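Here is a short briefing to keep beside you while you turn the model around on screen.

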Amino acid sequence: MTKLSVNVNKIATLRNARGGNVPDLLKVAADIERFGAQGITVHPRPDERHIRYQDTRDLKKIVTTEFNIEGNPNPKFIKLVLEVKPDQVTLVPDAEDAITSNAGWDTLKHQGFLKDVISKFKNAGIRTSIFVDPDPKMVKEAKATGTDRIELYTESYATGYTIDREKAIQPFIMAAKKANELNIGINAGHDLSLDNIQYFSQNIPGLLEVSIGHALICESIYLGLENVVNMYLNKLK
Ligand SMILES: CC(=O)[C@@H](O)[C@H](O)COP(=O)(O)O
Ligand SMILES: NCC(=O)COP(=O)(O)O
């Protein structure tokens, strides 16, 4: 079975919009676990526009499932992860000003750097994963970094799914086969949703975990809207 790790970045975005503590990130994370999700993911960015560094420390104290911290391994991020010690760290090569993650690692070009960073995390007992495009060559080169897992960057699948899902998933099947052959664990994420997740999980061999944030929170708002509007109408009777 594939584990679901819920990315709570968007909860922090909403909280930060008003400066208070609504919604309460820690309560939402605990509720998500109570509803059955098997993990919580956060992706603190250098400008702390959603998840603040302190959030990761606070979440570590209450998360009882798998805690996954994603981010670009700059010195500040490395220090934070080594202090917080999540179950898993996912390395993502995103630029400081990126709106969201938009590419996987070039695992050949950055192999030495990744090897070094991954050994730091593994020595601290933290499982590692690296964000890669669905390219068997990048998966093959990832093996040499010593990483435990890769996270397949699924944006192209999500975009292609509505046009031709069989075509969209092909590179991911090839990349997953290579990872299985090399005994690297497989995670996946980015723009996965209620529409496209089932076909993905049914077709990717050995998919261990998906992390889903943006669509899951949007779907939660939409699917909860009718109920809440009616609750307000009842109050106003
Ligand atoms: C690595 C990945 O695909 C997600 O972590 C995504 O980048 C979420 O980050 P934002 O919530 O900042 O878009
Ligand atoms: N690693 C992917 C993730 O955590 C969530 O990405 P998204 O669902 O917000 O696009």
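Two residues are in contact if their C-beta atoms, placed from the backbone, lie within 7 Å. With that in hand, look at I40: leaving aside its neighbours within four places in sequence, I40 is in contact with S5, V6, V8, A29, I32, E33, L59, V63, T65 and F67. Please keep in mind that this is a predicted model.

**Overall build**

- The protein has nine helices and eight strands. Its radius of gyration is 18 Å, close to the 18 Å that the globule rule gives for 237 residues, so the protein is as compact as a globular protein of that length.
- Taken along the principal axes, the C-alpha atoms fill a box of roughly 65 × 45 × 30 Å.
- Buried residues make up 41% of the 237 in the protein.
- Among contacts with a separation of 6 or more, 62% are between residues 24 or more positions apart.

**The nonpolar core**

- The largest nonpolar core holds 56 residues, and V8, I40, V132 and I150 touch the most other members. Helix α7 (residues 155-181) gives the most to this core, with eight residues.
- I40 also has partners beyond its own stretch of sequence, including V8 and L59.

**Helices α1 and α3**

- Which residues of α1 are buried? They are N9, K10, I11, A12 and R15.
- The cover over the buried residues of α1 includes β1 (3-7), α2, β2, α3 and α9.
- After α1 comes G19, with a positive phi near 80°.
- In helix α3 (residues 53-62), the buried residues are D55, T56 and L59. Seen down the axis of α3, these buried residues fall within an arc of 100°, so they line one face of the helix.
- Turned away from that buried side, the other face of α3 carries the exposed residues Q54, R57 and K61.
- Elements covering the buried residues of α3 include α1 (9-18), α2 (25-34), β2 (39-42), β3 (66-71) and α4 (75-84).

**Ligand surroundings**

- Ligand 2 has 13 residues around it, of which N7, G189, S211, G213 and H214 come nearest. The elements giving two or more residues to this shell are β8 (207-212) and α9 (214-235).
- By class, the shell around ligand 2 has three nonpolar, seven polar and three charged residues.

**Backbone details to check**

- V22 and P23 are joined by a cis peptide bond, with omega about -5°. P23 sits in the loop between α1 and α2.
- N183 has a phi near 60°, a positive value in a residue other than glycine. N183 is in the loop between α7 and β7 (185-189).
- Is N183 buried or exposed? N183 counts as exposed because it has 9 C-beta neighbours inside 10 Å, and 12 or fewer is the cut-off for exposed.
- H190 also has a positive phi in a residue other than glycine, near 115°. H190 is in the loop between β7 and α8 (197-203).
- H190 is buried, because 25 other C-beta atoms lie within 10 Å, where the cut-off for buried is 20 or more.

**Sequence distance and spatial distance**

- D164 lies in helix α7 and counts as exposed, with 10 C-beta neighbours inside 10 Å.
- D164 and D87 are 77 residues apart in sequence, and their C-alpha atoms are 36 Å apart in space.
- A98 is in the loop between β4 (88-91) and α5 (111-123). A98 is partly exposed, with 13 other C-beta atoms within 10 Å.
- A98 and R45 are 53 residues apart in sequence, and 9.4 Å apart in space from C-alpha to C-alpha.

Terms used:
Residues are numbered from 1 along each chain as its sequence is written. Chains are lettered from A and ligands numbered from 1 in the order in which they are written. This is a predicted model: local features need pLDDT of at least 70, side-chain atom pairs count only at pLDDT 80 or more; totals for chains, interfaces and linings use all residues. A nonpolar core is a set of buried Ala, Val, Leu, Ile, Met, Phe, Trp, Tyr and Cys residues joined through C-beta atoms within 7 Å. Helices (H or I, at least four residues) and strands (E, at least two) are DSSP runs, numbered from the N terminus. The arc is that of the directions from the helix axis to the C-beta atoms. The radius of gyration is taken over C-alpha atoms; the globule rule is 2.2 Å times the number of residues to the power 0.38. A residue is near a molecule or strand if its C-beta atom, placed from the backbone, lies within 6 Å of it. Ala, Val, Leu, Ile, Met, Phe, Trp, Tyr, Cys and Pro count as nonpolar, Asp, Glu, Lys and Arg as charged, and the others, Gly among them, as polar.
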